Structure formats: C-alpha cells, structure tokens
Amino acid sequence: MFTGIVEEMGTIRQIQRGRASAVLTIGAHKVLEDAHIGDSIAVNGICLTVTSLGGGAFTADVMHETLRRTSLSGLGPGSRVNLERAMAADGRFGGHIVSGHVDGVGIVAEIRRDDNAIWYTFRTDPKVLRYIVEKGSITIDGISLTVADVTRTTFSISAIPHTVRETVLQFRKKGDTVNLETDIIGKYVEKLLYGGPPADSAGIPAAGSGTGSQLHHEEKKGGSGLTEEFLRMHGF
C-alpha cells in the first residue's frame, strides 16, 4: 500500500520491450536506500516489483495488462517518473489509501494559473469519472491530490507550487496522458451494495448487478443482511 506522497523523481534509463511486455530500468536515489529485490515501488502510481538492484538503479517487469491500462507505454529513456516506496507500518499517513493499481488514464485538458496555485483539468472515461467526487481524493501519476471540481466529462485539481516542483506534474502539458487511481473505498462500497459485474461504459451499474429489492431477496436467502433499504432508513 502507498500514500500518494511522492518521495523523489527517478529517470527511465532503459526499456527492454517484449512482444507485449517490458522491463524497465529506473535510476533513483532515495527509494533505493533500503530497497530489496521483491519490494514494491510505485512508478507514476503503478505498483511494480523490484527484480534487480545496482548502479543506482532498479529494474521491474511490466506485464501486458499494465502497459494496456496505463501511460507507461508512452515512456522512453530519459523520461522522469514519480517514485514512492510502499508505506512503512510506522510511517505517517500523509496522503490517502493508494493501492498502486491504476483504474485508467486521463488526458490533460487545461492548465491554468490561479495566483500561487496551478489548476489542472483532466478528461477521462465515465467508468473512472464515476468514482471521482468533489473534495475527495484522487491519485494522478502516483500523487495524492484533492479533487477541486467535477463535471460530467472532466475533473480538476489545484496544486501548490511545491507539489508541481517535486513531481512530474511540472512536465505535463495539454494533451498528455496521466495514470489515475480513484479512491478505493468508493469502489468497495459499490461492490458490497450492488454486487455483480462492474459499471458499464457509461458508468452505470450493469443490468442485474443488484437493486434494493434484490439485496432484500439475498437477505432472505441468508445473505449479510445489509440492504439499501436498511442504509436509507438509518440516514445513509
């Protein structure tokens, strides 16, 4: 598990591409201080496993699914990436719960200054946008950020100069692709309430994925007893 507090920016030194996979060699300093083979390091928000260490760098295998769902395929030698080690049990929880499992990508739609802040607006798929709420948490390229605004097709964050300066946000421009991980709590709540397959391409729970009456029926069959009617009755 991660927190979305980026520890340093690393540099892609080499990418060995297979037919549908890749091996990354990433130069770094701070995250290597206590790193071991098998450790998890978030690279632009993607949880990768260290497979070798040496020469001020580490390597990580990237499988086909990861390349397909993230922006890693667009990186090359010299690309800067956000790095964060897995959270230590005795560490401070400065961001929010981040799993390092990217839900999808977003496209930078607009960048504008607002006094000392910089606003970034992103377009993304409705399936991802469904779980993004105003004043909630969002992980963008591994950075824990607060959602400032949400529309039917976009969401925006407002970043302070320190965050921009210390992360790859400083290199992002209109049209760039970023990795997105939504707040995991919302996804679990939806699954527990509705069950069934995930939301469709319009962000709506799939047909038959569960309604209040279906949940009530499950309760009668010996389910958990947690129903939509019960939650509404108690103010949720």
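Two strands are said to pair if DSSP finds at least two bridges between them. In this predicted model, Ile-111 has Tyr-120 in strand 8 as its bridge partner. That bridge belongs to the pairing of strand 7, residues 104-114, with strand 8, residues 117-124. The two strands run antiparallel and are joined by eight bridges.

Strand 1 covers residues 8-17 and pairs with strand 6 in the antiparallel sense through four bridges. Strand 1 is also joined to strand 2, residues 22-27, by six bridges, again antiparallel. Towards strand 6, Thr-11 stands opposite Arg-80, and in strand 2 the bridge partner of Thr-11 is Gly-27. In a regular strand, side chains alternate between the two faces of the sheet.

The next step in the order leads from strand 2 to strand 5. Strand 5 spans residues 57-62 and pairs with strand 2 over six bridges, antiparallel. One example is Val-23, whose bridge partner in strand 5 is Asp-61.

The empty space in the model can be followed next. Rolling a probe the size of a water molecule over the atoms shows where such space is left. The second largest pocket holds about 330 Å³ of space. Its lining consists of 18 residues, and Glu-7, Arg-85, Ala-86, Met-87 and Ala-88 lie nearest its centre. Strand 3 (40-43) and strand 6 (80-85) each contribute at least two residues to this lining. By class, the lining of the second largest pocket has eight nonpolar, four polar and six charged residues.

The largest cavity has a volume of about 30 Å³. Among the residues lining the largest cavity are Phe-2, Gly-4, Ala-42, Glu-84 and Val-98, together with Gly-142. The lining of the largest cavity divides into three nonpolar residues, five polar and one charged.

Lys-187 lies in helix 4, which covers residues 184-194. Lys-187 and Tyr-131 are 56 residues apart in sequence, but their C-alpha atoms are 7.2 Å apart in space. Leaving aside neighbours within four places in sequence, Lys-187 is in contact with Asp-103, Tyr-131 and Thr-182.

Finally, the confidence of the prediction. The mean pLDDT of the chain is 89, and 87% of its residues reach 70 or more. Over residues 207-221, however, the pLDDT is below 50. In the model this stretch has 18 contacts beyond near neighbours in sequence. Where pLDDT is low, the predicted coordinates should not be read in detail.

Note on methods. Residues are numbered from 1 along each chain as its sequence is written. This is a predicted model: local features need pLDDT of at least 70, side-chain atom pairs count only at pLDDT 80 or more; totals for chains, interfaces and linings use all residues. Side-chain values use heavy atoms; hydrogens and water are left out. On a 1 Å grid over the protein atoms alone, a cavity is a set of points where a 1.4 Å probe fits but cannot get out, and a pocket is an open set with protein on both sides within 12 Å along at least five of seven lines; lining residues have an atom within 4 Å of a point. Grid points are joined across faces, edges and corners, and a volume is the space filled by probe spheres set on the points. Ala, Val, Leu, Ile, Met, Phe, Trp, Tyr, Cys and Pro count as nonpolar, Asp, Glu, Lys and Arg as charged, and the others, Gly among them, as polar. pLDDT is the predictor's confidence in each residue, from 0 to 100. Contact means heavy atoms within 4.5 Å.
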